[in-house]
Amino acid sequence: MERLNKLFADWLGPADKVEAIPPTGSNRRYYRIFKNDRSYIGVIGTNRDENLCFIGMARHFAAQGLNVPEILAVSQDGMCYIQEDLGTFTLFEAVAAGRNSGCYSDEEKALLLKTIRELPKIQYKGAEGLDFNLCFQEKELSRRQILFDLNYFKYCFLKAVHNDFHEASLQDDFELLASDVLKDRAETFLYRDFQARNVILKDGVPYFIDFQGGMRGPLYYDLAAFVWQAKASYPDDFRQELVDAYLEELRKFTTVDREKFLERLRLFVLFRTIQVLGAYGFRGYFEGKVYFTESVPYAMANLRGLFAQPESAGLIARYPYLCGLLQMLCNKPEYLPSSDTDTRLTVKVCSFSYRKGIPEDRSGNGGGYVFDCRGMSNPGRYDQYKKLTGLDQPVIDYLEEKGEIQQFLQHVYGVVDHHVECFVNRGFRSLCVNFGCTGGQHRSVYSAQHTAEHLKETFGDKIRVHLIHRERGIDMML
């Protein structure tokens with residue numbers, strides 16, 4: 001942090017205020033730095049090469065007229081830098097209502113169409129004159145990288161959910177799929193993570209971030225990643241509208257044979273979905289993150305839609321073992337999307353430790369509450385309670401004897417019950433209710449447990465109650 005403060009001071013003078021930005025999946029640490037009524041983003045990275053990749057690409061893209069954050073200052077060792085503050089409003093947040101309801105408004109569709117129309121420009125103008133030696137991992141999408149992704153699916157998803165498969169036959173189809181993906185020599189920029197979370201809306205204009213994983217590669221990949229993003233669940237007619245909008249812009253850069261393009265695109269939808277399932281398997285089945293296992297049915301729905309198209313018959317015939325295996329998996333009852341069968345509001349009630357940060361709202365709507373339990377007496381200060389939790393009777397007795405936690409929860413119930421009623425009436429799908437304390441062990445666990453039980457008793461089958469005691473490793477539906 002000292003190096004970042006010095007970098008900022010050398011560039012613009014001592015900061016007026018610095019605020020840490022909550023961490024995401026990245027190892028980089030982000031700070032919002034204030035000076036003279038303006039704000040900037042300070043970044044401290046853990047990998048110099050990754051930092052220099054982002055900085056170099058950002059500067060090149062900006063020179064090409066692409067909407068990316070401006071790099072304002074870089075430390076001599078390349079380990080920290082200052083960039084333009086684009087704000088916090090992402091495309092993911094902007095279309096949350098449509099994603100959660102399955103019905104996108106005209107305003108949401110307009111934003112998505114505006115974003116996809118920028119993609120050909122990123123792919124062609126971004127690649128024009130770019131030194132691909134900047135790339136952090138690989139300079140271009142290679143056979144090795146493709147097989148990494150396919151084997152990620154095999155070992156992190158398939159072996160976790162279905163061990164009865166012929167590995168040699170699967171590998172034969174993997175080898176053929178890898179050859180087909182690389183069939184066209186690509187001279188375009190492959191973003192690799194072109195998704196709504198990496199688009200920030202500034203005055204309604206999409207700006208693009210987190211492109212440091214990019215490389216030279218085929219243009220179909222990013223289109224498939226964006227339009228077939230698993231939980232987006234775009235209606236088929238709007239998905240086609242997105243593809244058409246992309247093709248309209250693409251023709252400004254190259255000649256397009258629509259039928260051949262769509263045939264290649266189907267191949268990349270298959271490849272990208274397999275890759276996504278591998279990621280879901282690792283983060284969900286191995287790391288125990290429920291959000292990712294809940295996303296699996298949506299990816300399976302994309303595969304079902306792909307295989308249902310008459311135009312996909314050639315794809316299925318070319319990779320018979322792989323596609324047969326996928327068809328078997330995606331038609332299993334447990335992989336039917338919950339949105340197909342259960343449209344109730346899900347209330348996620350979570351206990352957590354402030355030391356480890358406030359839980360991320362993976363639904364993307366940012367809705368709900370965070371209640372601070374640290375104002376109440378802490379059983380964790382006493383030796384007899386240190387190894388117990390808010391689920392153990394001695395701790396329950398201690399908290400209830402004081403009386404303050406019950407009074408606290410009565411206020412919570414009044415606020416949350418009203419919110420739940422409103423969300424049920426409006427057809428919303430997700431609400432978060434979080435309770436934090438110092439260690440996420442006693443007061444927050446008691447509060448979350450009792451609130452979840454109260455909601456289940458009060459609303460019954462009208463809602464689904466998802467209870468998580470994060471620091472205790474407990475994750476269950478009531």
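Guide: Two strands count as paired if DSSP finds at least two bridges between them. Helices (H or I, at least four residues) and strands (E, at least two) are DSSP runs, numbered from the N terminus. The model above is predicted, with pLDDT of at least 70 required for local features and 80 or more for side-chain atom pairs, while totals for chains, interfaces and linings use all residues. Residues are numbered from 1 along each chain as its sequence is written, and side-chain values use heavy atoms, without hydrogens and water.

Visitor: Is aspartate 203 buried or exposed?

Guide: The class follows from relative accessible area: buried is under 20%, exposed is over 50%, and partly exposed lies in between (1.4 Å probe, protein chains only). Aspartate 203 has a value of 76% and is therefore exposed. Its positive phi occurs although the residue is not a glycine. Serine 233 is another non-glycine residue with a positive phi, near 50°. Serine 233 belongs to the loop between helix H9 (220-227) and helix H10 (236-250), and its relative accessible area of 30% makes it partly exposed.

Visitor: In what order do the strands of the open sheet of five lie?

Guide: The order is E1-E2-E3-E5-E4, with antiparallel pairing. The edges are strand E1 (17-20) and strand E4 (71-74), each of which pairs on one side only. For angles, axes are lines fitted to C-alpha atoms, for helices over the stretch in contact, and values run from 0 to 180 degrees between N-to-C directions. Direction ignored, neighbouring strands of this sheet are turned by 25° against each other on average. Strand E4 pairs with strand E5 (residues 80-84) in the antiparallel sense over three bridges, and isoleucine 71 has glutamine 83 in E5 as its bridge partner.

Visitor: Which strands does helix H1 lie across?

Guide: Helix H1 (residues 2-12) lies across E1, strand E2 (29-35), strand E3 (38-44), E4 and E5, at about 50° to E5. Helix H2 (residues 48-63) lies across E4 and E5, at about 145° to E4. Contact here means heavy atoms within 4.5 Å. Leucine 12 lies in helix H1 and is in contact with Lys35 and Tyr40, leaving aside neighbours within four places in sequence. Leucine 12 counts as partly exposed, at 34% relative accessibility.

Visitor: How many aromatic pairs does the structure hold?

Guide: Rings of Phe, Tyr and Trp (its six-membered ring) pair if their centres lie within 6.5 Å; planes under 30 degrees apart are stacked, over 60 edge-to-face, and the rest tilted. The structure holds 34 such pairs. In one of them, tyrosine 191 and phenylalanine 211 have ring centres 6.3 Å apart and planes at 90°, so the pair is edge-to-face. This pair links distant parts of the chain, 20 residues apart: tyrosine 191 is in the loop between strand E6 (189-190) and strand E7 (199-202), and phenylalanine 211 is in the loop between strand E8 (205-208) and strand E9 (215-216). Both tyrosine 191 and phenylalanine 211 are buried. One aromatic cluster has among its members Phe54, Tyr81, Tyr191, Phe208 and Phe211.

Visitor: Over which ring does the charged end of arginine 216 sit?

Guide: A charge sits over a ring if NZ of Lys or CZ of Arg is within 6 Å of the ring centre and within 35 degrees of the ring normal. For arginine 216 the ring is that of phenylalanine 132, with the charged end 4.2 Å from its centre. The charged end of lysine 202 sits over the ring of tyrosine 207, 5.8 Å from the centre.

Visitor: Which backbone atom does the side chain of serine 353 reach?

Guide: A polar contact is a pair of N or O atoms within 3.5 Å; within protein, one must be able to donate a hydrogen and the other to accept it, and residues adjacent in sequence count only if both atoms are side-chain atoms. The side chain of serine 353 reaches the backbone nitrogen of arginine 355 at 3.1 Å. Serine 353 is placed in strand E10 (residues 345-353) and is buried, with a relative accessible area of 2%. Beyond residues up to four places away in sequence, serine 353 touches residues including Cys437, Arg470 and Glu471.
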